[in-house]
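Q: Please take a close look at a single part of this model, and describe in a connected account how that part is built.

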Amino acid sequence: MAKVTIKNLYKRYGKVEAVKGINLECEDKEFLCLLGPSGCGKSSTLRMIAGLEDITSGEITIDGVRVNNIHPSKRDIAMVFETYALYPHKTVFKNMSYPLRIRKLSKSEILTRVQRAAEILEITDLMDRYPRELSGGQKQRVAIGRAIVRNPKVFLMDEPISHLDAKLRAHMRGELKHLQKELSQTFIYVTHDQLEAMSMADRIAVMNHGLLQQYDSPHNIFNQPANQFVAGFVGDPPMNFIECILTVEDGWKLKHDEFELSLEDKVQQKVQAQTPQFSGALNVTLGIRPESITIKREKTKPNEIAGQVYITEPLGSDLIVDVTVGQERLKIKTTSSFEGDRGAKVFLEMVPDKIHLFDAQTSKSLM
Amino acid sequence: MDPRLAKTLKIIAVTLFLLWTVIPIIFLVASSFKATGDIFDLPPVGDWVGMLKLLFFFKASFTQFRNMFIEGPFFTYLGNSLLATGLSVLISVPLGLLAAYALSRGRIPGKKHFYFWVISTRMAPPVAVMVPLYVLWRSFHILQTLPGLVLAYTTFNLPFSIWLLRGFMDSIPKELEEAAYVDGRGRFRAFTDIVFPLIAPGVGATVILCSLMAWNDYLFALILGGRAAKTIPVGISELESATSILWGQIMAGGTVLIIPMIILGLVIKKFLVTGLTMGAMRG
């Protein structure tokens, strides 16, 4: 059992508040991702779990034990650093066996465990090399190897693959997820890459400005974002946002200078559930993902919005089309079969049940 | 420029520099093994072969060394020099290491000002503090004692050692220690296991430089050491009197003075391998 609980966690560096009252529960054997942009407080949170940063206030428990004042060496955690932090004067074998030698394991046990970890990570032929003789990907594997030779309560990973090239990163995402399932251990993983979080995590904690924005499954984070920040941060290309006015006078409608959009009953019910006292008009932000817009050359339905192609970005099988609608610029993800040069007139249809609405003032989801 | 010409010029420049540096040392060592009369034996002007012969082929004699070390008091001076230098290095380097670690890693209020103060003590030339030191040493009753001399060298070596070692310490990424903590080591063992091996070349360099400072010192030994803690440089200076200059013994003293430093340099050289930390981190 290695459940990690964070209660009302704060971290201040002088006058700067890096983490502002985070509450999280990471279940045993769960893969939790802390996701957010640079400076959002995710690494500070991880470092507080590791014990490498003092906790300003709040509480962290690992396995039910309050660890606030326990030295990292006594927390029974393993950590992979963004910079790998391999000991430069030790060979790969000595790097990986170091935590085991500290625990005074027998030589044969050390050899067996290091060998097993090396086999999992496919680095058996690197054992006698020094870190300076390794490539980035190899260093990263050794750093993971040093963590998995032990059987710690929690694995902490601070952007461990962010410095690898795109191809290796994609490969390592799968490998890490597989490793977590195989080891069946609690993983807390920090990343700024939403793709990593979405593809690996059981649950994602999205952070911004030191605050927890949403803590949910990748599916819910993507499909039911709690606010405009989460909606915009997760997904590639990011969600399109358009300032509109929501009115109910002659049916539920979104009004914009360039278009008017009738809302489906399902959307109406959701908004009503969130804002029961709402009548009249409300400033809202319409959110729609690039893949939830259909782009056509001809107008076929009344709800379709007219626009002009600004530029196209071919991505092999997919095509990203940037379309101008009045003052707005929208991204639309379509197939490469779409034909439309710069300036071509196009019509956009938004998939009705994929629409998101956010309060323009608070940025909170209205759905 | 033609690369061959550049190479030739480089070789000529290096050779000239080497001759400029090495010839006085050869002359010093050769003269110290000559009898007093032979030192001033010079060949006719322009006789370079004769000059080389005088430098390398002569009748070796240990007269100068015998006069100094067996008949004279230089064994005591050598002992004083070794003790004063050794003890001051033994105190300054470990203390400097601890202070540098604290300054590099610790969250100490006013750390910057403290560090500047440490450095500032080395900004004034030693002679500027000689009078206050003399007064202090006298009131502490450590004037003209070996411990007094050791303390004097330490006052100068310690700030230097802190300054130098802090630079090395700062170059070691903090994550390496943090990795050791997470792996199960406390602060002290993380230091001895990880930090110390990585800054060993820096410690070696600090030992050499602190030793050189104390070993070559004349001023402190003359004024604070006095008669009771006379070191080799002071002893050599006394070989020149109003009536005579004992060139042979001066040369032998010079030879004795440079040998330990050459040995120390050679011993520590293998630790002075840089680039140990290269490739430890990503990239």
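Predicted model: local features only at pLDDT ≥ 70, side-chain atom pairs only at ≥ 80, totals over all residues.

A: Counted by type, the elements of chain B comprise 13 helices and zero strands.

The overall extent of the chain can also be given as a box. Taken along the principal axes, the box filled by the C-alpha atoms of chain B is roughly 75 × 65 × 30 Å.

Among the 283 residues of chain B, 33% count as buried, a residue being buried if 20 or more other C-beta atoms lie within 10 Å of its own. Of the contacts in chain B with a separation of 6 or more, 80% are made by residues 24 or more positions apart.

Chain A may be set beside this description. Its domain assignment gives domain 1, spanning 4-233, and domain 2, spanning 240-359. In chain A, the C-alpha centres of domain 1 and domain 2 are 39 Å apart. The contact between them draws five residues from domain 1 of chain A and five residues from domain 2 of chain A. On the side of domain 1 of chain A that touches domain 2 of chain A, the residues by class are two nonpolar, three polar and no charged.

Conventions:
Residues numbered from 1 in each chain as written. Chains lettered and ligands numbered in written order. Helix = DSSP H or I, 4+ residues; strand = E, 2+ residues; numbered from the N terminus. Buried ≥ 20, exposed ≤ 12 C-beta atoms within 10 Å, placed from the backbone. Contact = placed C-beta atoms within 7 Å. Domains from an automatic or database assignment. Nonpolar A, V, L, I, M, F, W, Y, C, P; charged D, E, K, R; others polar.
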